[in-house]
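Thanks for coming, everyone. Please bring up the model on your screens, and I'll walk you through a few parts of it.

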Amino acid sequence: MKRLLHSFTVRKIMELLLTLLIVTFLSFLLVKLSPVDAAEAYARRTFMLYTPEQLDELREEMGLNQPLLVQYGTWVRDALHLDFGTSLVNGRSVLGEVSRAMGVTLSIVLMAAVIEAVGILLVGSLCYWCRQKWAHLLLVFVCIVGVSIPPFFLASSFLDVFAVRFGWLSVASSTGLMRYLPAAICLAIGGIALYSQLLSQNIVREMNEDYAVYARCRGLSDMRILWTHALPHALAGLAPSFLQMVGISLAGSAIVEKIFSLPGLGYSIVDSVLYRDTPMIHATILFLAFFLVICNTVSDILQRIFQRGHAEGVSQ
């Protein structure tokens with residue numbers, strides 16, 4: 001048991017490091033292939049007029065004249081010491097900027113996860129109770145629509161309808177966590193629509209298990225069996241994939257943050273790409289990939305735990 005756990009942990013750490021290396025190297029490669037490099041973009045923002053000699057000096061100062069592998073190796077060495085340089089746009093520490101942006105993004109994603117969890121529980125249970133009624137078809141149709149609409153379209157429609165046309169909300173003047181609520185709702189709708197159907201199917205399967213049949217023979221009502229036995233087992237089965245959905249929400253928050261003007265990690269990535277702020281590009285991609293891999297790793301660990309628990313239950 002301990003040997004298997006040790007090998008599994010080592011394998012996951014190696015996968016984490018390999019993924020981060022591949023993703024960050026690809027970011028360097030794509031920046032290198034860009035028709036406008038960081039030195040030229042910086043010169044356009046800083047100088048009204050600049051000469052080719054000044055541009056060459058900037059490239060030399062930024063290390064852009066070095067081979068790609070040398071640039072990447074230098075960046076990895078500095079990153080191991082948490083030195084990501086300074087932003088080419090505002091001159092601030094990249095690590096400080098990323099830390100502030102990460103706090104905003106994590107607040108949005110965690111709020112979206114809470115909304116998803118509550119919505120999945122309510123809508124999934126409703127789908128189960130209405131499974132043999134016409135209302136179930138309506139719920140299935142609504143869930144299909146919810147899965148099909150991307151979050152950025154929901155965010156644009158939200159601003160257009162509730163903030164512009166009706167004037168019910170003022171996103172710009174909101175403060176605290178309420179400022180993140182519209183973005184969190186837009187990110188959560190897709191997950192609610194997807195996992196509600198999966199939860200309903202899991203409940204149906206659990207209600208047909210032997211322990212549910214035995215509980216009915218003992219005189220327990222379906223309502224009690226559902227809330228005390230079937231629903232917890234059904235939710236446990238969704239936990240690993242739900243964590244993967246949290247990771248997807250983390251990655252999909254970029255455009256939503258931009259639409260709602262929230263200075264999160266996705267917002268920083270979009271701005272840094274537009275301004276060719278290469279230190280910010282590489283650092284934000286590194287942290288985003290790190291949290292995505294962490295979500296997937298925790299999901300795999302939970303999946304393995306549930307599978308082992310199920311196997312032990314069957315053997316007993």
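Let's start with the pocket: α4 gives the most to the lining of the largest pocket, with 5 residues. Keep in mind that this is a predicted model. Other helices take part too. α1, α2, α3 and α12, like α4, each supply at least two residues of that lining. How much space lies in the largest pocket? About 820 Å³. The lining has 29 residues, and the closest to the centre are Met62, Gly63, Leu64, Thr278 and Pro279. By type, the lining divides into 13 nonpolar, 11 polar and 5 charged residues.

Next, helix α6, residues 134-148. Its 15 residues should span 21 Å at 1.5 Å a residue, and the end C-alpha atoms are 22 Å apart, which agrees. Which residues of α6 are buried? His136, Leu139, Cys143 and Gly146. They cover an arc of only 85° around the axis, so they sit on the same side of α6. Here is the background: an α-helix has 3.6 residues a turn, so residues three or four places apart point the same way. On the other side of α6, Trp134, Leu137, Phe141 and Ser148 are exposed. And what covers the buried residues of α6? The cover includes α5, residues 94-129, and α8, residues 181-207.

Last stop: Ser268, in helix α11, residues 265-274. Is Ser268 buried or exposed? Its relative accessibility is 12%, so Ser268 counts as buried, the cut-off being under 20%. Leaving out residues up to four places away in sequence, Ser268 touches Ala101, Met280 and Thr284.

How values were computed:
Residues numbered from 1 in each chain as written. Predicted model: local features only at pLDDT ≥ 70, side-chain atom pairs only at ≥ 80, totals over all residues. Heavy atoms only, no water. Helix = DSSP H or I, 4+ residues; strand = E, 2+ residues; numbered from the N terminus. Expected span 1.5 Å × (residues − 1). Buried < 20%, exposed > 50% of the residue type's maximum accessible area, 1.4 Å probe, protein only. Arc of directions from axis to C-beta. Contact = heavy atoms within 4.5 Å. 1 Å grid on protein atoms, 1.4 Å probe; cavity = no way out; pocket = protein on both sides within 12 Å on 5 of 7 lines; lining within 4 Å. Points joined across faces, edges and corners; volume = space filled by probe spheres on them. Nonpolar A, V, L, I, M, F, W, Y, C, P; charged D, E, K, R; others polar.
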